[in-house]
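Welcome! Let's walk through a protein model together, one question at a time.

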Amino acid sequence: MSAFSFRFREKAVDGPSVSLLEKQHNRIMLVFSFLLLLSLDPPLEAKNNRNTTFTSLPFKMRLPDSVRPLHYHLLIHPNLTFLNFTGSVQIQLEVRQETKHIFLNSKNLHISRALLLGSRHPHLLQLQESEHFEQIALSSESLTFTGGLHVIQLDFSANLSDTFHGFYKGTYTTRSGEVRALASTQFEPTHARAAFPCFDEPAFKANFSICVRREPRHISISNMPKLKTVELAGGLLEDHYDVTVKMSTYLVAFIVCDFLSISKRSQHGVEISVYTVPEKISQAEYALNTAVTLLDFYDDYFDISYPLPKQDLAAIPDFQSGAMENWGLTTYRESGLLFDPELSSTSDKLGITKVIAHELAHQWFGNLVTMQWWNDLWLNEGFAKFMEFVSVNITYPELQVNDYFLEKCFTAMGVDSLSSSHPISTPVENPAQIREMFDDVSYQKGACVLNMLRDFLTPEAFKMGIIRYLKNHSYQNTVNADLWYSLTNICQSDDLDSGRFKADGFCSDSKSRTSASKWYMDDDLNVKAIMDTWTLQEGFPIISVEVKGREVYLKQERYLKGADPAKNSSFLWQVPLTYITSSSSSVQRFLLKNRKDVLYLPAEIEWIKFNVDMRGYYIVHYEAGVWDALIRQLQQNHTVFSGNDRTSLIHNIFQLVSIGKVPLDKALSLSLYLRCETEIMPVMQGFSELVPLYKLMEKRDMAALEHQLKSYLMNLFQRLINAQRWSDEGSVSERILRNYLLLFACVRRYGPCVQTAQELFQKWKESDGKMRLPADVRLVVYTEGARTEEGWDFLLEKYRQTLYPSEKSQIKAALSYSPLADKLKWLIERGLEGDILKTHELPSLVISVSKNPQAYKLAWDFLRSNWQKLVKKFDLGSSSISRMVVGVTNQYSTREKLVEIQSFFSSLEQGMGAGLRSVQQALENIEENIRWMDKNVPLLTDWLNSHST
């Protein structure tokens with residue numbers, strides 16, 4: 001403890017970057033001449049004057065721009081015995097326009113005193129609160145806030161939240177069974193206001209000086225290094241942290257806990273530490289080394305130094321989000337950060353590396369440069385998701401991360417093909433609407449359109465443009481247009497480090513560049529005009545291709561499931577098309593700006609394949625025999641196409657079945673080539689298209705057809721399944737594919753797989769769980785064991801005992817796949833209590849059970865019966881709620897179930913979920929399932945009958 005404190009004090013004094021911060025800190029301290037007035041127990045007479053009622057005020061959802069915060073001095077004191085906290089905040093304000101009221105955000109806080117601090121005496125302010133707008137207004141009948149600088153002080157208290165946002169309580173259980181408490185923060189998007197009164201919008205950036213009071217048995221950590229620890233009366237300690245850089249409130253973080261840490265210094269001199277509960281510190285090394293590698297990578301890639309002296313990564317036992325990018329103190333689920341070389345799978349390693357890459361990318365995209373408002377959340381999340389793949393591909397090539405990018409685009413298209421989708425940049429106002437922006441459109445589609453733009457502009461030009469964007473807007477807020485401007489006329493820019501970019505040779509060597517460098521070929525290329533078509537309207541195009549001799553006729557329209565085509569007539573995109581042909585593997589490019597156009601080929605061809613490697617966010621339909629030619633090529637020699645191209649052909653043709661462009665039997669004929677496929681992407685895409693079909697049948701009691709389709713799938717992949725070894729050998733993608741194939745085979749009751757899994761489980765059980773199972777097949781073995789009551793109970797006991805998040809995740813998944821419905825009903829209900837299964841794990845458990853053919857009814861019944869509790873715990877509009885709504889319902893395909901689900905959600909009040917976008921998505925999915933089954937079941941039956949072995 002003492003060494004920890006001393007290390008940061010030394011750093012705060014000696015580090016060159018900190019000395020600048022200290023100077024700033026000292027200047028601001030002069031402004032706060034009334035700092036000694038800071039008190040957590042205000043006088044009784046002040047308390048009695050709080051919340052004075054006066055005439056109704058014009059509260060609005062957005063705060064006025066006439067008053068802006070410059071600096072917060074925040075003191076916070078959590079009590080982990082009584083699970084509450086007290087605090088006081090002084091805010092230096094700049095009043096830009098004379099006003100009678102100062103509006104700021106506050107939620108569920110008891111504000112005991114509000115003061116205006118001045119040169120002589122503090123002035124007591126009256127306070128009015130609007131719970132609906134989560135705001136307070138400060139005023140005094142005897143004064144007007146004139147233009148210039150003012151300092152206000154607010155003293156407050158509240159209970160630690162029992163949700164997963166704001167300043168909330170958490171617990172963990174030691175190996176000996178002791179339950180220990182901690183308090184941590186999760187402020188994004190609108191929950192800083194639940195921890196202290198503030199201007200809780202991303203554009204109100206300010207500096208923060210944070211002090212945390214605690215008991216000696218705990219430590220505290222925050223965004224910045226600790227300057228000193230002061231002993232107080234009563235045995236309390238008060239940690240004082242260095243002043244932050246200018247940042248938004250949602251990035252503020254503080255934790256009070258008893259964690260341990262390990263540390264390492266990056267090549268650029270940043271102190272990086274990983275914090276975990278004490279008994280899990282041995283699992284922190286991989287995350288530490290990964291964070292060092294990735295932070296150094298971003299420092300060099302962006303040509304902008306990471307601006308803080310330290311970067312902490314903390315594994316939080318109770319954590320709803322995947323992770324959070326708080327500046328200097330990123331927080332994670334334990335399963336997203338902790339890795340054990342013996343127990344964690346290859347998939348765990350890939351996931352941990354990606355999530356660290358994502359959060360550290362945010363230190364530039366999101367923290368250094370922040371969107372002006374939540375309508376442009378994708379500028380944060382789309383970029384972080386995109387850079388997650390760029391960075392890991394370069395720093396950890398052995399993880400083969402690019403094998404998993406297309407799946408992100410396909411996921412986004414699944415949402416974006418519905419009427420309920422929204423533009424990447426879309427207006428939002430209230431907190432529930434803002435929370436719903438954290439979806440597949442902002443993250444996955446955002447990343448995919450950036451990848452398309454990078455391919456169009458070339459990686460060199462794109463990199464120059466984003467560096468220009470970051471340098472021009474550091475510590476500021478941006479909108480879409482700022483990014484497009486930075487990506488336009490790259491080589492004519494005079495606001496960059498010209499020496500660096502001339503050294504790259506890109507701008508000075510245009511003649512040597514190939515046609516891949518499409519960005520410079522057209523002098524009036526308008527990046528904004530192109531990209532506005534992808535970010536300001538929802539959906540994506542389908543490009544129809546018809547070949548007549550050497551002429552290729554192109555037509556674009558919106559791809560939309562189940563809607564009147566007339567509704568799509570106004571949609572038009574500027575589409576960066578790429579293609580190869582049977583005569584040439586050289587990538588050709590064409591920017592399609594109109595609804596129709598014609599390409600001219602140098603010679604006639606057998607086939608043409610558009611959207612090379614699926615780098616564009618669009619799908620392609622081939623007319624007049626071109627699909628047949630592509631299918632013949634796949635069957636003759638599928639390796640002519642890249643793995644990405646084979647994957648996109650599988651995806652596209654099945655999507656075209658959904659809108660009636662291609663008959664199902666043609667898509668199934670294409671799938672026949674998969675007997676010869678070995679690469680992870682096309683194999684997994686084959687499963688992704690075919691497994692959901694028999695899942696629809698499981699919920700319609702169509703046992704005969706269901707069995708036929710499962711048999712076809714087993715026959716399709718049997719040779720590949722038989723080639724799998726029950727080991728951890730092979731590349732990362734081979735090992736991840738092995739887990740999926742063996743799990744599929746065992747769940748389908750394939751004899752050789754079942755026998756091996758049962759034997760391994762029995763040996764593992766007889767060793768009391770001490771025998772080492774290969775990490776990449778452990779889930780398969782656990783799943784087989786969970787089929788019996790004895791095995792299920794044994795696994796549950798091991799779940800309770802293990803300190804390894806990766807093992808917990810695998811056991812939880814195996815338990816959810818069990819056919820023992822009574823056990824699953826009990827487990828879901830315990831998940832709501834949080835005593836056996838952490839409550840933040842509940843959404844994924846419920847979704848997993850909803851896919852279980854023996855227990856799927858439990859999931860919908862549970863969601864419906866516990867809706868109010870779930871909304872209270874996870875927050876309306878949150879990704880947890882949205883994922884459950886869509887995930888639990890997306891395999892239903894009967895009109896009776898549609899009416900039942902529709903009736904439930906329409907009976908809710910507006911504030912309880914009736915208007916959620918995820919509800920509309922769920923209903924559209926069911927309607928689409930009904931249409932698909934009604935149209936295609938006869939076709940599917942006939943085709944399987946004619947292709948049965």
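## A first tour in questions

Q: Which residues does phenylalanine 610 touch, not counting residues up to four places away in sequence?
A: Keep in mind that this is a predicted model. Contact here means heavy atoms within 4.5 Å. Leaving out residues up to four places away in sequence, the partners of phenylalanine 610 are Val545, Val552, Leu554, Leu577, Thr578, Tyr579, Leu599, Val620 and Tyr622.

Q: How many residues does the largest nonpolar core have?
A: Phe610 turns up again here, among the residues with the most contacts inside this core, along with Leu154, Phe196, Ile356 and Ile608. Helix α30 (residues 917-947) gives the core its largest share, 11 residues. In soluble globular proteins, nonpolar side chains tend to be buried together. For the largest core, the count is 309 residues.

Q: Which residue in β26 stands opposite leucine 577?
A: Strand β25 (residues 575-581) runs antiparallel to β26, and 5 bridges join them. Opposite leucine 577 stands phenylalanine 590.

Q: Are the residues Ser220 and Ser222 of strand β12 buried or exposed?
A: Strand β12 (residues 219-222) is covered on both faces, with Ile219 and Ile221 on one side. It is joined to the antiparallel strand β15 (residues 254-257) by 4 bridges, and serine 220 stands opposite valine 256 there.

Methods:
Residues numbered from 1 in each chain as written. Predicted model: local features only at pLDDT ≥ 70, side-chain atom pairs only at ≥ 80, totals over all residues. Heavy atoms only, no water. Buried < 20%, exposed > 50% of the residue type's maximum accessible area, 1.4 Å probe, protein only. Helix = DSSP H or I, 4+ residues; strand = E, 2+ residues; numbered from the N terminus. Pairing = 2+ DSSP bridges. Core = buried A, V, L, I, M, F, W, Y, C linked by side-chain atoms within 4.5 Å.
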